[in-house]
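This report sets out how one protein chain and its ligand are arranged. Please consult the sequence and the structure shown below while reading.

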Amino acid sequence: MIQIKNLYKTYVLEDRVLPALQDISLTIQRGEIFGIFGESGAGKSTLLRSLNLLEKPDRGQILVDDVDLTTLSASRLKEQRRNIGMIFQHFNLLLSRTVYENIALPLELIGMPKAGIHREVSSLLDLVQLQDHKYHYPQQLSGGQKQRVAIARALSTKPEILLCDEATSALDPKSTASVLALLKEINSRLGVTIILITHEMDVIKQVCRRAAVLSDGKLVEYGSIIELFARPASEITRQLVQKALHLELPDAVKAGLQSEPDPAKSLLVRFTFLGDDSSQPLISTLVRKFDISINIIQANIETIQEATVGFTVCQISGDHDIIGQALAYIKPTSVNAEVLGYV
Ligand SMILES: Nc1ncnc2c1ncn2[C@@H]1O[C@H](COP(=O)(O)OP(=O)(O)OP(=O)(O)O)[C@@H](O)[C@H]1O
Ligand SMILES: [Mg+2]
């Protein structure tokens, strides 16, 4: 288990002080795939690099299985770091070394005998399916293959934790899919805890069970992906989710949408359904129970992990007080209602 407690990091620039991380506290469970997302400059890489102390925090604790990394001596930290592998957007391979030699490097550095290195590298080459490329140099490989070499290298010291900073951002969709499949396999077969930064919500949606949202160095919210997607607690998450799920409203609707309440207008409401709930019974119940009319503008269904999440955007007309009562009526249910504006 990784516990981050009240973590702060400030960069001192020439003309100002930049708070890159402010009071971040979160817990990542052993064996999970955990996502970190947020806009550029939010502090994602700073947070990830803090986890192996590549970035030294100003204050706060980083506990890996109850060992606080921030208090370790240089030699103990070096040992602990072997337990935390890392991969990057641009792979960071040594261009003058072959695939085999790149993967062997961390093992050479810890003084492993040649026979042991050969055995380990060979099994890693099998894992990342690059046996046929072991004598090739990085320039002779595709982006996806390079990232698989980087993954094998990161796993060579048998870490329990793998940090991935935008590991698929430089890849085409097919290579992205193959790298994500590999990460999932490493997680399930080897039990490696994976912490993954991405600006692609599609990636988060496919592989992470839980995630954290960062904005301006602060933790906005964190929790299960399904909860984040279905019931974002913050505006930032809401916007990121909308982009990822392509929930943008049709242009004609957007053009007429206003944010100030106007009793003469209808409400535009997005209902989010989890699992087996469906919009049909809900809408007919509301129409039956309350003196309102509901017109469906847009509906789509997403599969997030194994769960189904449905989104239905409706235009609701009638007395606004009564519409308010109708929305309050469904509040205790698992269906989430979000007023998008007035049309
Ligand atoms: N070494 C550094 N020195 C000074 N400022 C830094 C340094 N590293 C990061 N920053 C600043 O700290 C803030 C957070 O940076 P960080 O790289 O963690 O963001 P990020 O969320 O990873 O962004 P991106 O999605 O663009 O990679 C940014 O404003 C960045 O300019
Ligand atoms: Mg970054």
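## Nonpolar core

In this predicted model, the largest nonpolar core comprises 90 residues. Ile-36, Leu-163, Cys-164, Ile-195, Leu-196 and Ala-211 have the most contacts inside this core. Helix H5 (residues 143–155) contributes the largest share, six residues. Domain 1 (2–240) and domain 2 (250–342) each provide at least three residues of this core. In soluble globular proteins, nonpolar side chains tend to be buried together.

Leu-163 illustrates the contacts made by one of these residues. When residues up to four places away in sequence are not counted, Leu-163 touches Leu-48, Leu-51, Asn-52, Ile-84, Met-86 and Ile-195. Of these partners, Ile-195 is itself listed with the residues that have the most contacts inside the core.

## Overall dimensions and composition

The protein chain has 343 residues, of which 36% count as buried. Its secondary structure consists of 12 helices and 14 strands. Taken along the principal axes, the C-alpha atoms fill a box of roughly 80 × 45 × 35 Å.

Among contacts in the protein chain with a separation of 6 or more, 69% involve residues 24 or more positions apart.

The domain assignment divides the protein chain into domain 1 (2–240) and domain 2 (250–342). A distance of 39 Å separates the C-alpha centres of domain 1 and domain 2.

Seven residues of domain 1 make contact with seven residues of domain 2. On the side of domain 1 that touches domain 2, helix H8 (residues 225–230) supplies the largest share, with four residues. The residues on that side of domain 1 comprise four nonpolar and three charged, with no polar residues.

## Surroundings of ligand 1

Ligand 1 is surrounded by 13 residues, and the closest are Tyr-11, Ser-40, Lys-44, Ser-45 and Thr-46. By class, this shell consists of five nonpolar residues, seven polar residues and one charged residue.

Strand S2 (17–28) and helix H1 (44–50) each provide at least two residues of the shell around ligand 1. H1 accounts for the largest share, three residues.

## An open sheet of four strands

Strand S2 also belongs to an open sheet of four strands, in which the order is S2-S1-S4-S5 and the pairing is antiparallel. The edge strands are S2 and strand S5 (67–68), each of which pairs on one side only.

Strand S4 (residues 59–64) and S5 run antiparallel and are joined by two bridges. Val-64 has Val-67, in S5, as its bridge partner.

## Residues with positive phi

Most residues other than glycine have a negative phi, and most peptide bonds are trans.

Asn-92 has a positive phi near 55° and is not a glycine. Asn-92 lies in the loop between strand S6 (84–87) and helix H3 (99–109). Gln-129 is situated in the loop between helix H4 (114–127) and H5. With 13 C-beta neighbours inside 10 Å, Gln-129 is therefore partly exposed.

Key:
Residues numbered from 1 in each chain as written. Chains lettered and ligands numbered in written order. Predicted model: local features only at pLDDT ≥ 70, side-chain atom pairs only at ≥ 80, totals over all residues. Domains from an automatic or database assignment. Contact = placed C-beta atoms within 7 Å. Nonpolar A, V, L, I, M, F, W, Y, C, P; charged D, E, K, R; others polar. Near = placed C-beta within 6 Å. Core = buried A, V, L, I, M, F, W, Y, C linked by C-beta atoms within 7 Å. Buried ≥ 20, exposed ≤ 12 C-beta atoms within 10 Å, placed from the backbone. Pairing = 2+ DSSP bridges.
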